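The sequence and the structure come first.

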Amino acid sequence: MMKQNFMFTSESVTDGHPDKLCDQVSDAVVDRFLQQDPFSKVIAECAVSTGILFIAARFASSASIDIPEVARRVIHQLGYEQADFNARDCTIMTSLTELPAPSYPFIDEREMSEEELESVTAKNQANVFGFACNQSPAFMPLPISLSHKLARRLTATRFQKQIPYLAPDGKTQVGVEYREGRPYRIHSITIVATQQKTAMRGLAPLHDDLNAHVIEPVFATETLRPDSRTHIFINPEGLVADGGPSLHSGLTGRKNAVDTYGEYSRHSESALSGKDPSRIDRVGAYAARYAAKNVVAAGLAQACEVHLAYSIGISRPVSVQVDTFGTGRIPDTEITARILDHFDFRPAGIIRAFNLRYQPQLFRGLFYRKLAVYGQVGRMDIGLPWESTDKAALLR
Amino acid sequence: MSLLFDQMQRPSFFGTGATEAEPPEPVRIVHAAVEGRARLKIRGLYRSESVRRKLESALPRHDAIRHASANVLTGRVLIVFDPARDLEEIKTWLEQLLLDAGHEIIPENPIDDSGSLRSSQRPGSPVISSDPNSVLPQDRKNWHALPGDTVVAALETSMEFGLSQASVERKLGHFGVNSLPETPPRSGLSIFLGQFKSLPVALLGVSAVLSAATGGLVDAAVILGVVLINAGTGYVAESQSERTINALGHVAEQNAMVIRDARLLEVPAKSLVPGDILVLTPGARVAADGRVLESRNLMVDESMLTGESLPVAKRVSPLDQPDVSLADRLNMVYMGTVVTGGSGLSVVVSTGRYTEIGTIQSLVGETRPPETPMQRQLAILGNQMVLLSLSICGAMFLIGLVRGHAWLQMLKTSISLAVAAVPEGLPTVATTTLALGIRTMNRHKVLVRRLDAVETLGAVQVICLDKTGTLTLNRMSVLALHSGGRRITVDSDVFYDAGVRIDPYQSDELLRLLHVAVLCNEVELNGEKGNYLLKGSATEGALMHLALAAGVSVEALRQRYPREQVEYRTETRSYMSTTHSAQGDGKLVAVKGNPVEVLEMCGWWLKDGARLPLTQAERTVILMENDRMAAEALRVLGFAYVEPKQADQSSADELIWLGMTGMADPLRQGMKELIALFHQAGIDTVMITGDQSGTAYAIGKELGLSGGSELDILDSTRLDQLDAEVLAGLAQKVNIFSRVSPANKLQIVQALQRGGKIAAMTGDGINDGPALKAADIGVAMGGTGTEVARSVADVILEDDNLRTMIVAVSEGRTIYNNIRKSIHFLTATNLSEIMLMLGSVGTGLGTPLTTSHLLWINLVTDIFPGLALAVEPPEPDVLQQPPRDPGEPIVGPADFKRYGLESLTMAAGSMGGYGYAMARYGGGQKASTIAFMTLTMGQLLHAYSCRSDHIGIFSHETLRSNRYLDLASGGTALLQWATVLVPGVRSLLGNTPIGPLDVAAIGAGSVLPFFLNEATKDAAFKDKRRKELLSLPPAPREYG
């Protein structure tokens, strides 16, 4: 049973945050491999500290890519032009291992027979969670939804030169007060923005600019807006010069909550970025979100968490659990049964359903990398297959 | 008398006082920590021979000063005085002396200084001497503060015409040749006398005196004979080595470009004189100190003088302050530094030993190679052995006395034992082996330029390889193109599209690409049409070659579009663009460079002759193609052009994309196998390249640089900005450094060394000097390498073949091992003598060996097998072993233990023989003879045991035979048997004839220890190896 009256805060970060930078480099590498060879197997992990970016990649692919160059392009596109860290000068250490090519032939999941789909088993043990609720149009919890919106806007003001002195790194946070399980008011808004060392402004102009160009436009279209009692914190710890990897280090997969539901529901411990679609710990999370979102969209519950448990060597999840936190119109077991009737949770089935091998080609090499910021779920800007509510009618 | 001369030779004691070298007070105490010794800085002494002479004659007149010596190069005096006297008192006296004698010792006016160095050779110079009060600087250090024309005038020369031949000859007479003083080679006598200057030999001398004093004149004579024979062997070996060693480090005669008599001449660097106008071009070594008169982006690497690793930009304008350090004299160039870029003119201001480098060299004084670490270790080892044998012999003497032997007899025996046990041959063996090794390497086309490089070669743990020129042929050629959305391959100058041969003239964009490649290109075409000689960079040469192959008439094209302006690629912009004027009023801008950057500037592209807007989709395709080409180890260049309508309109957005070329520099034959050989020998390989890391990865994979594990690439354009500790940490596991510039090689080698690695580095460019110097082994290529690289390298591969490097490593390791083998033999056999004597005296069996026996052993059985072991051929698995730990002593405690055990078996064998004879003959000469024969035969056999510490007669592997050892031991054995078979020799050594049974006993006593030692060899080695392996971390394992 969900608590009725409570406070919940979630945070998001901008694309220039070092952890997110690592996620994006990892996923850009995945994109690049899949773009050239949809059947690439690749695991790319990344760490960044001061002037050095470390990339460890293991892969089996017919594609050949210049990984540091991919990373430099990401850094360049993020707008890092600081003396301490920039696309041209930063040192990139890559550790590359080529995996032996698998002995079995690649079959396109789209052309697989039922038998073949069944034969592709999970290669990793994984507990993945999908969540959806009717707190926002994207069926996402409101705190993370608002945080993402603020973070996006913060980045946009920099690129659109509304606040030209901002640096790429930034963090946002929104606290929402809940009454009777529904968002009641905005309790607090925090923005930590970094500024270019060469063009530092004071706290007051920053406060005004962020209010005018970030907070106001973001909440203009929201039903729930900050009120007079809402705490608004702008850089509560003071001004930050440059920020980014020259200030704090980053690591792939350290922002799992930002990637998912802002800790409002459970999420898997394993990272989503830097893995090709054959990794069930990545794509399973998408499938679970797909199911949960359709449950809520079908009006079967106000909030729904789907838990899939995979075991190595078995294609279907060994457990499918649905929790509607007491908001369900029908019993959770009934929802579970309907989900199992209409969703294919086998690894190959998920790849086929979401066309995951070919998305990088369709998106011109910018699919997984886009997922790496502002959430891998609840995205309304890309047209993600797992955000579609096409199965809602079937579940009703 | 000319001021010119004084500027050259005169110190600055009468100068402005602004220079840092001169103390404000006339006498300053520099160093007085040692009682009775003091170093004083004397104003005016610096570079003044006359002051030196006068000081040296005046100083000893003080009753407290016992000795004084003055140095004109430091401006200091070292005095040795009565410690009871006060130094301050002497100082005051000296100050007074200087004051009183002022004009006599330190002339106020340099023109009066008739006692100055070499002044007598110099006739008056009419031009300048007419005005002694001219404003010319009186300090040679102040050239940099003067305007260029003043300097030129002062040196009686002219920038346009240079010196005349006549004045060059005259000046050459005044100032001498422009060369640095060399240390004369050691004379034969000094080498011979040097043989007596060691502790072991001193011990022998003492023994001789003792023997003579105690009536053993014969013994004394024999001991002296030992000393002389030893010195003779040492002399022969060392004087040969000396020749080899002196030949090290010699660089061929240098030439310099000068302007003389208004003509550009190439003259020997030796003939340069002050006033010569020196022409500076890239790659040239500056041949004398000079003031820069003209600089076109002149960049000079002054690292050898100032330690600054980055090249310094030179300028012409005078400096405001005279008082600046060498590194900041931006309008001066110094002898020995290297022009790395640009060009310029300078006027020579000082030559020879008066140049800055000459000063430094004179200060250092010694140009002889210093003792190598191994030689130092051996000296210590020798001394330790002396102490050890002395104490054991002392013990034996005491035991003998207690046992009731006659003290005189005991003393003589003990002395002879000490003499026999002292390894006086050690240093000779080491020097000889090193020198022989150098000669062997020369035969393999490996020139070694430093003695210690030989032993360091054997310890090399990581080798850094330049990709270009070392691993590859440095011959670029275009292999692929991407133009108009088509992939075009080039094979033997023929263009193919999807396997179908195409004519580049059929494709507008391809033809334009070739045109741009020709226009945006600085290659010079020499020679006849159809048979051009291309002169320029490898990349541009490849492009030009491609255009010529396609049939582009380069000269006509270049005439139609004369070049107006060139913008080179810079640190921040990785493309080059040229502006050309076209027919009528038009212009053409041609751009080539990094495809990503060039593409970013393009708004259009050409396809099938039509200009189309460049959409995001096409950009993506082009960038992917770039990646693909780069990943195929091609160096990719993008091309674009624009024909602006108005002359001033050349907006970058307007550029039209033409396509990309991919070129490669083919790998040399057999490099992959060579890399595998290095890995097998436990040497890590690191490739250094300026390529993108995609290219680098492809090559690294092809070469197997990581030896099968993951390939680590460090991709950085700014290694120098990286924290040194971080880089040191990273460098330990990096296989490839990509996108680095040659200047970064220094950081790489230092990072490796910081991690405790012994690093070798290859290089042949003019920027490679500092890195080659910093590396433990700097390797230069003999043929393709620049003179600079060759002159600082430790090792030169004359045939430009990296394969010879593995030979050098093998030789280096073998030499080290061979020296160990000699030590092994000398130590073990000497210990066996001591043990035998100590054992039998201790057990009351008397003294088995007579003094003559001991001296014979020392003379005959020790020396020749020891020397022969030093020329052992390489062991078969020398390149399968990991490099030795450089911190490990040449002979460690474990080795000593093993040597001790081996000598114990030999001593036991001889004791057995002696015991048998005692039982059979009841002691006496007969028993001594048998003990003597058993021991020496055992020792000769042991020489074979010393050939390898893990391969023996019971091993599967066999060693290559060593002819010298066979000869040495065979000859020695013959002599040995002569001592019992030839009556005359027999009586000299006090031996007796022996029977067949005795021979059998001798055989058993000498062969059994040999077998025992051979049988336990493998186990001992394995035990040692196991302990080493246990200390290693477990091999990394791969998870999920």
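## Overall form of chain A

The model is predicted. Chain A has a radius of gyration of 21 Å, in agreement with the value near 21 Å that a compact globule of 396 residues would have. The C-alpha trace of chain A spans about 65 × 55 × 30 Å along its principal axes. Its secondary structure consists of twelve helices and twelve strands.

Of the 396 residues in chain A, 54% are buried. Among contacts in chain A with a separation of 6 or more, 76% are between residues 24 or more positions apart.

## Domains of chain A

Two domains are assigned in chain A: domain 1 (114-135 + 277-357 + 374-391) and domain 2 (141-243). Taken over C-alpha atoms, the centres of domain 1 and domain 2 of chain A are separated by 32 Å. The contact between them takes five residues from domain 1 of chain A and seven residues from domain 2 of chain A. On the side of domain 1 that touches domain 2, two residues are nonpolar, three are polar and none is charged.

## Contact between chains A and B

Chain A contributes 19 residues to the contact with chain B, and chain B contributes 24 residues. On the side of chain A, helix H2 (67-78) and strand S4 (91-98) each supply at least two residues. The largest share, seven residues, comes from S4(A). By class, the side of chain A that touches chain B has seven nonpolar, seven polar and five charged residues.

S4(A) also pairs with a strand of the other chain: five bridges join S4(A) to strand S28 (residues 711-715) of chain B in the antiparallel sense. Within this pairing, Ser95(A) has Asp712(B) of S28(B) as its bridge partner.

## The sheet shared by both chains

Which strands make up the open sheet of twelve strands, and in what order? The order is S10(A)-S2(A)-S3(A)-S4(A)-S28(B)-S29(B)-S27(B)-S13(B)-S30(B)-S31(B)-S32(B)-S12(B), and the pairing is mixed. Strand S10 (250-251) of chain A and strand S12 (446-448) of chain B stand at the edges; each has a single partner strand, so one side of each is left without a neighbour in the sheet.

Strands S31 (residues 777-781) and S32 (residues 795-797) of chain B run parallel and are joined by three bridges. Here Ala780(B) has Ile796(B) in S32(B) as its bridge partner.

## Strand S22 of chain B and its partners

Is strand S22 (residues 587-593) of chain B enclosed or open? Six of its seven residues are buried, so S22(B) is largely enclosed by the rest of the structure. S22(B) pairs in the antiparallel sense with strand S21 (residues 575-581) of chain B over seven bridges, and Thr579(B) stands opposite Val589(B) in S22(B). The hairpin of S21(B) and S22(B) has five residues between the strands, and in this hairpin Gly584(B) takes a positive phi near 70°.

S22(B) is also paired with strand S25 (residues 635-642) of chain B, in the antiparallel sense and over five bridges. In this pairing Val591(B) stands opposite Ala640(B) in S25(B).

## Annotated region of chain B

An unreviewed UniProt entry annotates residues 378-402 of chain B as "transmembrane region". In the model, residues 378-402 of chain B are 100% helix and 0% strand, with the end C-alpha atoms 36 Å apart.

Key: Residues are numbered from 1 along each chain as its sequence is written. Chains are lettered from A and ligands numbered from 1 in the order in which they are written. This is a predicted model: local features need pLDDT of at least 70, side-chain atom pairs count only at pLDDT 80 or more; totals for chains, interfaces and linings use all residues. Helices (H or I, at least four residues) and strands (E, at least two) are DSSP runs, numbered from the N terminus. The radius of gyration is taken over C-alpha atoms; the globule rule is 2.2 Å times the number of residues to the power 0.38. A residue is buried if 20 or more other C-beta atoms lie within 10 Å of its own, exposed if 12 or fewer, and partly exposed in between; C-beta atoms are placed from the backbone. Two residues are in contact if their C-beta atoms, placed from the backbone, lie within 7 Å. Ala, Val, Leu, Ile, Met, Phe, Trp, Tyr, Cys and Pro count as nonpolar, Asp, Glu, Lys and Arg as charged, and the others, Gly among them, as polar. Two strands pair if DSSP finds at least two bridges between them. Domain bounds come from an automatic or database domain assignment. UniProt positions are given in the numbering used here, feature names are shortened, and annotations may be inferred rather than shown by experiment.
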